[in-house]
Amino acid sequence: SDRERDRLISSSSLSPLSSSSFFADFVAPATMALSVSNLASSLSSLSFSSQVSQGQNIVSFTRANSVFPFPAKSARRASLSITATVAAPAAAEEVEDTMELKKYVKSRLPGGFAAQKIIGTGRRKCAIARVVLQEGTGKVIINYRDAKEYLQGNPLWLQYVKVPLVTLGYENSYDVFVKAHGGGLSGQAQAITLGVARALLKVSADHRSPLKKEGLLTRDARVVERKKVGLKKARKAPQFSKR
């Protein structure tokens, strides 16, 4: 009858669970097979050109009149050329300059410092400087080195050296040659001041008055005070503790 026929149809209809399993069993594999076949056909339709253009250094992959530029390694590796230049050490250059200045000083001072007439000796702290003056253009050479290099470009120390010459207006009239030893650069610079002032006295006795007025002929006797027993320094005592 019609009622039994409707009951059979309803009992044979697919439930949601059975429909999902039906999709997983039949529909999904068919879709994957179709997508794989489409991918294979698209890859087979691709045409690869292995020609490398020299100008822009790219490889072109063409598909349906479209160009996809990709950077590519050059077929021939670029050769790396390294040029190494070995520079002469700064110490070697300084030695050469010192040797040249030493030859220059010996040519200007035949017989050495002791054989010169315009010479003066200055002292400060532990430093001793022997100074020789010769007519020139104001060049100052200390221990066969330029004064600015020897005194490390310190403007105060350079001023110490030139104060006696500037006082008399001889800054561009005499070349100064110095042999200095002992102490530090500050003490040597002040020793050179006294040496130049004493040497200028041998040029003319009339220089004494202006040099003495500036205090350039006075030997500065100040030295470091010696350390005392029981003290940390010359006068500094350790901290007092009552207990």
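Good morning. Of the 243 residues in the protein chain shown above, buried residues make up 22%. The structure is a predicted model, and the chain contains 7 helices and 8 strands. Among contacts between residues at least 6 apart in sequence, 62% join residues at least 24 apart.

Let me turn to confidence. The mean pLDDT of the chain is 79, with 63% of its residues reaching 70 or more. Over residues 13-19, pLDDT falls below 50, and beyond near neighbours in sequence this stretch has 0 contacts in the model. Residues 48-54 also stay under 50.

I come next to helix 5, which covers residues 155-168. Its 14 residues reach 20 Å from the first C-alpha to the last, close to the 20 Å expected at 1.5 Å a residue. Where does the kink in helix 5 lie? It is placed at Lys162, shortly before the proline Pro164, and amounts to about 50°. Pro164 itself is buried, as are Trp157, Leu158, Val161, Leu165 and Leu168 of this helix. What covers these buried residues? The covering elements include strand 6 (140-142), helix 4 (147-150), strand 8, helix 6 (185-203) and helix 7 (208-213).

With 19 residues, helix 6 reaches 27 Å from its first C-alpha to its last, close to the 27 Å expected at 1.5 Å a residue. Its buried residues are Gly187, Gln188, Ala189, Ala191, Ile192, Thr193, Leu194, Gly195, Val196, Ala197, Ala199 and Leu200.

I now move to the aromatic side chains. How many aromatic pairs are there? The count comes to 2. One is formed by Tyr104 and Phe177, which are tilted, with 6.4 Å from centre to centre and 45° between the planes. Tyr104 belongs to helix 3 (residues 90-108) and Phe177 to strand 8 (residues 174-181), so this pair ties together parts that are 73 residues apart in sequence. Tyr104, at 25% relative accessibility, counts as partly exposed, whereas Phe177 is buried, with a relative accessible area of 2%.

Tyr170 and Tyr174 form an aromatic pair in an edge-to-face arrangement, with 5.5 Å between the centres and 65° between the planes. Tyr174, by contrast, is buried because its relative accessibility of 10% lies under the 20% cut-off.

A further arrangement involves a ring and a lysine. Lys102 lies over the face of Tyr144, at 5.5 Å from the ring centre.

Gly136 sits in the loop between strand 5 (127-135) and strand 6. With a relative accessible area of 27%, Gly136 is partly exposed. Which residues does Gly136 contact, leaving aside its neighbours within four places in sequence? They are Asn172, Ser173, Tyr174 and Asp175. Val176 is 40 residues from Gly136 along the chain, and the C-alpha atoms of these two residues are separated by 8.6 Å.

Thank you for your attention.

Note on methods:
Residues numbered from 1 in each chain as written. Predicted model: local features only at pLDDT ≥ 70, side-chain atom pairs only at ≥ 80, totals over all residues. Heavy atoms only, no water. pLDDT = per-residue confidence, 0-100. Contact = heavy atoms within 4.5 Å. Phe/Tyr/Trp six-rings, centres within 6.5 Å; stacked < 30°, edge-to-face > 60°. Helix = DSSP H or I, 4+ residues; strand = E, 2+ residues; numbered from the N terminus. Buried < 20%, exposed > 50% of the residue type's maximum accessible area, 1.4 Å probe, protein only. Lys NZ or Arg CZ within 6 Å of the ring centre and 35° of its normal. Expected span 1.5 Å × (residues − 1). Bend = angle between axes of the 7 residues up to and from the residue.
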